[in-house]
Amino acid sequence: MLTNESIVCCAFPTWEGKYLKSTVQLMAELAKTNNLLYVDYAYTYKDVLDGMRGKEVPYRRILGLEPRLRTLPLSAGGQVHVLTLPPILPINWLKKEGLYDRMNALNMPKIKRAILQAMKQLKMEKPIVINAFNPFLGRHLRGKLNEKLLLYYCYDEIGAAEWTKNHGARLEAQFAPRTDGIITSSSTLYERKKSLNNNCFVVKNGVNFSLFSKKADAFPLQEYHDKHQHIVGYIGSVDHRLDYKLLEYCAKQFPNLGFVFVGRITYPEGAEHLRKHDNVYLLGPQAPNQLHNFIQAFDLGLIPFVKNELTAGIYPLKINEYLAAGKPVVSTNFGDLDDFRNMACIADQYEDFAKAIQQELQSDTPEKQEIRTQEASKNSWEARAEEMGDIIEKLLTQSPKTVEI
């Protein structure tokens with residue numbers, strides 16, 4: 001296990017939020033035995049204005065009216081240091097490469113200065129830097145943090161994601177080869193990224209097993225159980241990844257089932273399609289520490305993703321969360337799901353997907369539930385973080401790259 005190291009994670013996702021993130025889960029585990037600084041999502045001046053208008057944005061911290069560097073206790077022990085960066089120019093909408101790069105370079109001095117100040121305050125010297133899906137910062141910060149090792153953590157197909165598609169793939173291709181290694185979250189991403197760096201590895205997503213395997217301590221879906229024979233549920237964002245035609249087909253096929261969606265809505269058009277059906281319920285985002293109560297109230301968990309370039313690289317967090325709770329799982333055949341073909345029903349056609357829902361609900365038993373829970377226990381975040389730590393220790397024995405950008 002990796003211990004007593006200084007780690008700086010330059011992250012794309014925020015530390016807080018109403019959904020679980022692989023970066024946060026892994027860094028929380030590494031923070032138990034290491035001095036870890038988590039550099040939070042880089043908010044823009046536009047975000048600050050949105051925060052002043054009531055949106056959930058920590059604008060006072062961004063502006064320095066409250067301390068930007070916080071030390072937060074971890075629920076499982078230890079602590080993590082979280083840095084909120086000063087505001088930067090909003091440039092993601094720019095499509096011209098030259099203009100984007102020049103504006104991005106203007107943002108970098110204040111970001112570098114803020115990170116170095118936090119490192120000095122935390123007495124961090126020669127840290128391990130983990131860039132989490134953020135080549136937008138990585139290209140400019142490489143070699144500027146006195147790092148002894150630089151890793152790129154890739155958990156999505158950056159060129160296909162809606163929020164990174166303008167420049168993500170180009171900047172990743174420039175940055176990733178100049179790191180000491182790439183860690184991907186799925187076999188598909190590994191196959192796609194291994195040409196960028198000889199040191200390429202896979203650390204698949206895990207599960208907060210102690211949370212999702214425990215019995216419910218609240219009962220949030222009782223009113224839907226009263227209306228329907230079974231509750232079929234989905235935990236995650238209602239976004240472009242979902243196959244809405246498939247979901248509407250299932251809602252029509254099974255009017256006796258309640259279809260419950262728990263997560264933020266980032267694709268309103270898709271949500272409107274679902275709302276047309278009386279047996280579909282969109283509950284919005286819920287606190288991460290309450291998600292187990294919703295899953296425990298499901299009779300079956302869904303992963304209804306479309307198959308495309310983005311989803312093909314996904315190792316879904318939710319599959320282990322469903323299994324940890326002992327729930328049967330029905331998924332579309334969107335990506336590399338070989339690890340779960342004995343634990344979940346994976347369907348190619350709409351009819352097969354609907355048939356699998358019916359069969360799994362009818363054939364579920366306490367014995368099957370126990371087998372699923374035991375399988376998920378092998379995929380804890382503790383185990384995944386140990387895998388990442390082993391990779392880091394291996395790379396520390398090699399000579400860091402010296403190629404300059």
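**Exercise 1.** Leaving aside neighbours within four places in sequence, find which residues Val329 is in contact with.

*Solution.* The model is a predicted one. Now check its accessibility. The relative value is 0%, so Val329 counts as buried. The cut-off for buried is under 20%. Val329 and Asp180 are 149 residues apart along the chain, and their C-alpha atoms are separated by 38 Å.

**Exercise 2.** Describe how helices α1 and α16 pack.

*Solution.* Two packed helices are described by the angle between their axes and the distance between the axes. Locate the helices: α1 spans residues 22–30 and α16 spans residues 381–396. Their angle is about 75°, and the axes lie 9 Å apart. Angles of 65 to 115 degrees count as roughly perpendicular. The pair α1 and α16 is therefore roughly perpendicular. Then list the contacts. From α1 come Ser22, Gln25, Leu26, Met27, Glu29 and Leu30; from α16 come Trp381, Glu382, Arg384, Ala385 and Met388. Sort them by class: the contact of α1 with α16 has six nonpolar, two polar and three charged residues.

**Exercise 3.** Work out which residues of helix α11 are buried, and what covers them.

*Solution.* Start with the helix, residues 268–275. Its buried residues are Gly270, Ala271 and Leu274. They cover an arc of only 100° around the axis, so they sit on the same side of α11. Finally, the cover: α10 (244–253), β10 (257–262) and β11 (280–284) are among the elements over these buried residues.

Methods: Residues are numbered from 1 along each chain as its sequence is written. This is a predicted model: local features need pLDDT of at least 70, side-chain atom pairs count only at pLDDT 80 or more; totals for chains, interfaces and linings use all residues. Side-chain values use heavy atoms; hydrogens and water are left out. Axes are lines fitted to C-alpha atoms, for helices over the stretch in contact, and angles run from 0 to 180 degrees between N-to-C directions. Helices (H or I, at least four residues) and strands (E, at least two) are DSSP runs, numbered from the N terminus. Angles under 35 degrees count as roughly parallel, over 145 as roughly antiparallel, 65 to 115 as roughly perpendicular and the rest as oblique. Contact means heavy atoms within 4.5 Å. Ala, Val, Leu, Ile, Met, Phe, Trp, Tyr, Cys and Pro count as nonpolar, Asp, Glu, Lys and Arg as charged, and the others, Gly among them, as polar. Buried means under 20% relative accessible area, exposed over 50%, partly exposed in between (1.4 Å probe, protein chains only). The arc is that of the directions from the helix axis to the C-beta atoms.
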